[in-house]
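Hello,

Here is the structure I promised to hand over. Please look through it first, then read my notes below.

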Amino acid sequence: MKKLFLIACALMASVSMYAFDFDGINLNGTVGEITKAVAKKNYVTSIEDPNTLTGLCQGTKISLKFNLEDVTEKNRVGQLIVDVPTTSANAYLDNAQLLNVIYHQVSNSSAGFLYELDADGTTLLLSKTDNGIRLTYNTPYYKEKK
């Protein structure tokens with residue numbers, strides 16, 4: 001439990017106070033700039049899913065996906081989806097409580113906990129997966145499917 005809390009704190013520290021900076025990668029940049037930054041962080045294409053990158057963030061192996069399709073402006077990232085594996089039954093609620101301290105919670109639905117991260121429209125959706133938790137960052141460039 002304590003280890004899980006430390007992992008969550010490390011993830012939040014890696015995001016820092018700037019919603020678009022993930023593990024030192026500026027998500028406000030162009031796709032080319034982001035690709036170069038991701039490569040420097042040693043994230044590699046997953047064998048199981050070629051659209052997923054895996055790597056270490058603060059010592060935890062995570063998976064990253066970038067939504068480049070649903071965007072309002074070409075050559076930008078619409079979403080960053082981060083999957084964090086965990087076996088703790090309490091991980092989801094523990095992380096929700098932590099995020100409630102850091103960010104303003106907008107809603108709580110079956111999809112998960114939605115947080116407002118920045119005045120520019122950046123949001124974070126915390127949700128459960130079969131293998132742990134998922135953090136979905138929606139950038140101002142994200143265009144929701146209708």
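Strand 7 (residues 104-109) and strand 8 run antiparallel, joined by five bridges. Strands here are DSSP runs of E with at least two residues, helices are runs of H or I with at least four, and both are numbered from the N terminus. Two strands pair if DSSP finds at least two bridges between them.

This is a predicted model, in which local features need pLDDT of at least 70 and side-chain atom pairs count only at pLDDT 80 or more, while totals for chains, interfaces and linings use all residues. Residues are numbered from 1 along each chain as its sequence is written, and side-chain values use heavy atoms, with hydrogens and water left out.

Back to the strands. His104 has Glu116 in strand 8 as its bridge partner. Two residues lie between strand 7 and strand 8, which form a hairpin.

Strand 8 also pairs with strand 9, antiparallel, over four bridges. Tyr115 stands opposite Leu124 in strand 9. This hairpin has six residues between its strands, and Gly121 takes a positive phi near 105° there.

**The core**

The largest nonpolar core has 27 residues. Such a core is a set of buried Ala, Val, Leu, Ile, Met, Phe, Trp, Tyr and Cys residues joined through side-chain atoms within 4.5 Å. Buried means under 20% relative accessible area (1.4 Å probe, protein chains only). Phe22, Tyr43, Ile62, Leu64, Val82, Tyr115 and Leu126 have the most contacts inside this core. Elements that give two or more residues include strand 8 (112-116) and strand 9 (123-129). Helix 3 gives the most, with four residues.

**The pocket**

The largest pocket has a volume of about 360 Å³. A pocket is an open set of points on a 1 Å grid over the protein atoms alone, where a 1.4 Å probe fits, with protein on both sides within 12 Å along at least five of seven lines; lining residues have an atom within 4 Å of a point. The volume is the space filled by probe spheres set on the points, which are joined across faces, edges and corners. Of its 18 lining residues, Asn51, Leu53, Lys65, Phe66 and Leu68 are the closest to the centre. Helix 2 gives the most to the lining, with five residues.

Best wishes

Note on methods:
Buried < 20%, exposed > 50% of the residue type's maximum accessible area, 1.4 Å probe, protein only.
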